[in-house]
Amino acid sequence: MSTVKTPKLTRNAKTGRLSQARAEKISAVEGLALTPRMRKILAQTKDQPAEERRQAIRAQFARKSA
C-alpha cells in the first residue's frame with residue numbers, strides 16, 4: 001500500500017496577496033488599465049484599511065442627490 005505525500009506549503013502569507021502592482025499586470029494582460037482618476041483615488045487611500053478604501057471609491061462614483 002502506498003501513501004500519497006502532501007506537499008508542504010512554505011509560502012509566507014504575504015506572498016499570496018494580490019498587490020496593486022500584481023493586479024495592474026494581470027489587468028494589462030487582459031487589456032485593462034486604471035484611469036488617472038482611479039489611480040489618484042488609490043494613491044490617496046493607499047495606507048487606509050480595505051473598507052475605508054472601498055468607501056472612498058464608492059463616494060467618488062455615487063450619484064449625487066439633487
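**Entry 1. Terms and model**

I call a residue buried when its relative accessible area is under 20%, exposed when that area is over 50%, and partly exposed in between, with a 1.4 Å probe and protein chains only. I note that this is a predicted model, in which local features need pLDDT of at least 70, side-chain atom pairs count only at pLDDT 80 or more, and totals for chains, interfaces and linings use all residues. Residues are numbered from 1 along each chain as its sequence is written, and side-chain values use heavy atoms, with hydrogens and water left out.

**Entry 2. Overall layout**

I looked up the secondary structure and found 3 helices and 0 strands. Helices (H or I, at least four residues) and strands (E, at least two) are DSSP runs, numbered from the N terminus. Along the sequence I read the pattern α-α-α.

Of the 66 residues in the protein, 6% are buried. The protein exposes about 6600 Å², and carbon and sulfur atoms supply 56% of that area. Such areas come from the Shrake-Rupley method with a 1.4 Å probe; for residues, only the protein chains shown count as cover.

**Entry 3. Salt bridges**

How many salt bridges does the structure hold? I recorded 3. The term requires a side-chain nitrogen of Lys or Arg within 4 Å of a carboxyl oxygen of Asp or Glu. In general, side chains of opposite charge can pair when their charged atoms come close.

**Entry 4. E24 and R39**

I found a salt bridge between the side chains of E24 and R39, at 3.4 Å from N to O. This pair links distant parts of the chain: E24 belongs to helix α1 (residues 20-29) and R39 to helix α2 (residues 36-44), 15 residues apart. I noted E24 as partly exposed, at 30% relative accessible area. R39 also counts as partly exposed, at 39%.

**Entry 5. The network at E51**

Which residues are linked with E51 in a network of salt bridges? I identified R54 and R58 as its partners in that network. Between R54 and E51, the closest N and O atoms are 3.2 Å apart. Both residues lie in helix α3 (residues 50-61), 3 residues apart, which is about one turn of the helix. For the salt bridge of E51 with R58, I recorded 3.6 Å between the closest N and O atoms.

I also checked the exposure of each member. E51 is partly exposed, with a relative accessible area of 37%. R54 is partly exposed at 41%, and R58 is partly exposed at 47%.
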